[in-house]
Amino acid sequence: MYVYQFDRRSRHLSIRNPSVQGPRLAIRNSGGVVEELYFTLLGDVRIERNGIPAGGNSPQQQALLCALLLRSGRGAGAHELIEAIWGEEAPDSALANLRTYAWRLRQTLEVDRSTPRILVSMRDGYRLDAAPGQVDVHVAEELVVRASEARSEGRHEDCRLLLAEAGGLWRGQPLAGVPGPFAAQQRDRLSELRLALSEERFECDLKCGEDTKLIPDLRIFTREHPLRERPYGFLMQALYRAGRQADALDVFGRARQVLAEELGVDPGPELQAMQRLILAGDPDGALRAPGSSAPAVAIPGADTAAAVRDAPKWLPSDTADFTGRSDELGRMCAALSEPDRDTPPVVCVTGMGGVGKTALALRAAHRTKDLYPDGQLHADLRGSEREPADSGAVLGTLLTALGVPTEMLPVDTDGRAGLFRTVLDGRRVLIFLDDARDHDQLRPLLPGSAECAVVVTSRSQPAGLPTTLRIALDTLDDVEAGALLCQIVGPERVTAEPAAASDLVVACGHLPLALRIAASRLAARPSWKVATMAGRLADEHRRIGELRSGSLAVAAAFSLSHQQLSPAEERAFRVLAPLARHGIGLDAAAAALDLDRWEAEDTLESLVDAALLECPSPGRYQYHALVRSFALDLPGAELVPPALADLLDHYLSCGRAAFALMVPGDSADCILQPATVPAPGFAGLGAARQWVAAEAEGIAHAVRLAVGGESADEGLLSTAIDLLVSISPFGKDIPYGVLAAAAREVAEAGERCGNDRTAGRAHFVQGNAALQDIRLADAARHTVAAAAASQRAGDRVILFQTLNDSGLTAQFQHRYQDAVACYDQALALARELGQASGEVTIVLNGALARIHDGRAVEALEECDWALAKLADVDDPASTAYALSLRGLALHRIGRAGPALDSLHACLEVCAAVRMPRQEAKARVRMADVLRSSGRPEESLEQIERALALCAEPAGNRDRGLALMTMAEVLADLGDTAQARVRAEEARTVFEQLGLPDAATAGALAAGLRGRDRAAGA
């Protein structure tokens, strides 16, 4: 077995035997020993560590592993992975099973499972960080690319060796035994790749003169794959060269019989031409020319010599400082280089203005132009302009370039299109059609011959265009954008100011055209610092004007699309720009535009087609930052449009509906102002959570717009703050820092106009956000301010919430009796107000404080009371909380069995609704029970799963508590060194949060150090 390492920047592939020392992708384990990982998919799926299979994995775990490895380091969301493993037949427990498979894979892959480095969580999914040289599929694909390069450069011996190495990586059926639709698709793809690779190797062997050796392999191949025509031709050629003319003709007869019986067709023209050459004794020596770059068979009727001599070379010059796009470029070149095809490849690159479509298409065209010796044509179709190019006129130009006299051109477009296809038949011509409008414009310009190829660029997807490959081009990533800056400005200036360079990239929205303009201005002004240019672009209202250099201007690129909008589309483009800074949902956009849902969707999709709006997911829309700046710079654009009031009313209606599902026992009418528009129908709490997570940043932006400087509208302020209160119970589903910043502005505006209700609620939201991040001093300050303002305003609903938050602050500080006192006051007020959910939450918070205060029996009674109240309420969050606390209380009074039962019940609720934080807490408590019951190995497994759940975000209190319990379990198992490390990590977490738990963790670490010293003595 060989080791491969591929450098994508230098395109250098190193191949070596593992017995020979050299560079190898590796990881270092906790003992400092270097371990090498390798993944094999071209046969049985295996993970190898230092060449030795590492553990066994279930078929579903293998399906997850393959789905991640074959994404080449790109992450995948949970829904993608579930579809990959189960397809449409996914069980109800699919998400929970997926988390379990990922956890088990980490047991095999990770050295330190508490801080995963290989199988990394991202949002709700995962990413597997493996280098190309660690996965046999990627190695095989890179070897094929290198072989293709060697072949195009005439290095046939190198090509043959590389193809042989690639073929040797297959050890049977790819992804053998792996279930799921994704694996099935990949199995078919990789099996087809192996066959195509074998055919390429046969052709290369023939060019290297390996005729006699090939004959047995070709006979086996044609028997196993009787419907593939090319291998029959190779076998005929090899037999003919070996002096076996009769055998070669017999192969043709067998091929004709098989094709007729199985498919009802005759052999193709290449195979028939080869038969004619063999019958004629190969008078021109075409079959006896090993190593020749000319075709092995000259098809009668193709006068290629004249075509090559007069071939048009119309491609514009390549971009000298082209940067990045390696993945897209590789896919395009592969599609344009595919040798075995029945139709002409059509590669279409789409994207917004300035994203680099033409530059990428040109680079791919230049990379593959040698495969099309009969010419390369180019036409600018001006699809983004008011008057696009006429297809008939373009055909006239192209036909003239191909040698058709002007006087012989048909008058009509259809006639010219027919002649164009006729002239191209039998020729290998590359056609580059830049800036296409739509399929109607493109259809007459497409060739019929499979020998030709077409590259198209367009701002929108040309509906109905038959394509081999579609690439929706996105902006550059950070690395590519930085590389482009270095190319134009110079690496010394960019690396001297990395922070300013990053700011510049962000201000340019990673858009290649904008980066090129900004970099060109910097290059022309050597005295300017990068920070100077970044500062000029910092104001989004001046940004578009700054991004202009000579004939280049970002505004001009967007203006071409903007000019084609209908009045309704143009209005939507302007109205939504100030509102949709962070994107906007379809229903919210419809409310702001005062349209019904279907009218709004048609309008927004038209803007997407015009590349002025993006649709990252169904029903969700967003502006590119520079397109939004362009919209804000248009004449008549308003920073705070009248549509803001309609948008806030819509958001509040949705917020009330979400609040009712999250806090089902509390009446929204008692807490929030009435809705003025109909409420949406969320399918359940999960749908409400998704809506809150999607719209939270947009809501915060709308609230900040409502503040409106020094003279805020009090009606808008009241709606805005109730909107923030309505989504505040959603905890970690929302970016609390963003909401707190918006609430701070509302508080200041409320205090300026003397509105205690608004100011009190805004301080409450800020205090709640501080508690979520365990910033206890800030939480106490805002809670006091909220309580004072709420008392003045008579806002008793917020007052009881502030008492609860004061209890939480005291509890974090280990002032448990003070916490109980606050909870008792809050409970009395909640019952007075009839806030049932609030009542249950406060009782449970009080139960936790009583447990820590040594009153576990009282706490158990309160948990049982809460569970009885929750029996008829759909409130999984409170139910899981109550079950977890009940397990903790039972453990504290020495009833381990019932404690474990209660905690298992909590985990079932968490799995059904996906509550990772509550699940992590329950697993920590379960680990503690198991440890006390003399079951340390089971305890360690639970604590590792808990740490995996609370690894993101790192540094929270749950992680600190999990590390503390892990230290105690490891100490019980005799691993005091690792126990001390975990205790120190816990102390660091608690110190960063300013919690008194740091002293407990420090004492544990000190005790473990003392135990080590005593053992050493």
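How do strand β8 and strand β9 pair, parallel or antiparallel, and over how many bridges? The first legend answers this; the model shown throughout is predicted.

**View 1. The hairpin of β8 and β9.** Strand β8 (residues 119-122) and strand β9 (residues 125-128) run antiparallel and are joined by 4 bridges. One of the paired positions is Leu 119, whose bridge partner in β9 is Leu 128. The hairpin has 2 residues between the strands, and Arg 123 there takes a positive phi near 50°. Most residues other than glycine have a negative phi.

**View 2. An open sheet of 3 strands with antiparallel pairing.** The strands follow one another in the order β5-β6-β7. At the edges are β5 (37-40) and β7 (52-53), each of which pairs on one side only. Between β6 (residues 46-49) and β7 the antiparallel pairing consists of 2 bridges. Glu 48 has Pro 53 in β7 as its bridge partner. Helix α3 (residues 94-109) packs on this sheet and touches β5 and β6. The direction of helix α3 makes about 30° with that of β6.

**View 3. An open sheet of 5 strands with parallel pairing.** The order of the strands is β11-β12-β13-β10-β14. The edge positions are taken by β11 (376-380) and β14 (469-472), each pairing on one side only. From one strand to the next, the twist averages 10°. Strand β10 (residues 346-350) and strand β13 (residues 453-458) run parallel, with 5 bridges joining them. Within this pair, Cys 348 stands opposite Val 456 in β13.

**View 4. A salt bridge between Arg 151 and Glu 203.** Side chains of opposite charge can pair when their charged atoms come close. The side chains of Arg 151 and Glu 203 meet in this way, at 3.1 Å from N to O. Arg 151 belongs to helix α4 (residues 136-152) and Glu 203 to helix α6 (residues 181-207), so the pair links distant parts of the chain, 52 residues apart. Arg 151 is partly exposed because its relative accessible area is 29%, whereas Glu 203 counts as buried because its relative accessibility is 17%.

**View 5. A salt bridge between Glu 546 and Arg 521.** The two side chains meet at 2.8 Å, N to O. Glu 546 counts as buried, at 8% relative accessibility. Arg 521 is buried as well, with a relative accessible area of 10%.

View 6. Glu 938 and Arg 935 meet through their side chains at 2.9 Å, N to O. Glu 938 counts as partly exposed, at 37% relative accessibility. Arg 935 is partly exposed too, with a relative accessible area of 32%. Elsewhere, salt bridges that share partners join Arg 151, Glu 192, Glu 199, Glu 200, Glu 203, Arg 228 and Arg 230 into one network.

**View 7. Two loop residues with positive phi.** Ile 774 is not a glycine, yet it has a positive phi of about 55°. Its place is in the loop between α33 (756-772) and α34 (776-793). With 10% relative accessibility, Ile 774 counts as buried. Arg 914, also not a glycine, has a positive phi of about 60°. Arg 914 sits in the loop between α40 (896-913) and α41 (916-932). It is partly exposed, at a relative accessible area of 36%.

**View 8. A nonpolar patch on the surface.** Leu 227, Leu 263 and Val 265 make up the patch, and together they have about 250 Å² of accessible area. Leu 227 is found in the loop between α7 (211-224) and α8 (229-241). Its relative accessible area is 41%, so Leu 227 is partly exposed.

Notes
Residues are numbered from 1 along each chain as its sequence is written. This is a predicted model: local features need pLDDT of at least 70, side-chain atom pairs count only at pLDDT 80 or more; totals for chains, interfaces and linings use all residues. Side-chain values use heavy atoms; hydrogens and water are left out. Patches are made of residues with over 30% relative accessible area and no salt bridge: like charges are joined within 9 Å, nonpolar side chains (Val, Leu, Ile, Met, Phe, Trp, Tyr) within 5 Å. Accessible areas come from the Shrake-Rupley method with a 1.4 Å probe; for residues, only the protein chains shown count as cover. A salt bridge is a side-chain nitrogen of Lys or Arg within 4 Å of a carboxyl oxygen of Asp or Glu. Buried means under 20% relative accessible area, exposed over 50%, partly exposed in between (1.4 Å probe, protein chains only). Two strands pair if DSSP finds at least two bridges between them. Contact means heavy atoms within 4.5 Å. Axes are lines fitted to C-alpha atoms, for helices over the stretch in contact, and angles run from 0 to 180 degrees between N-to-C directions.
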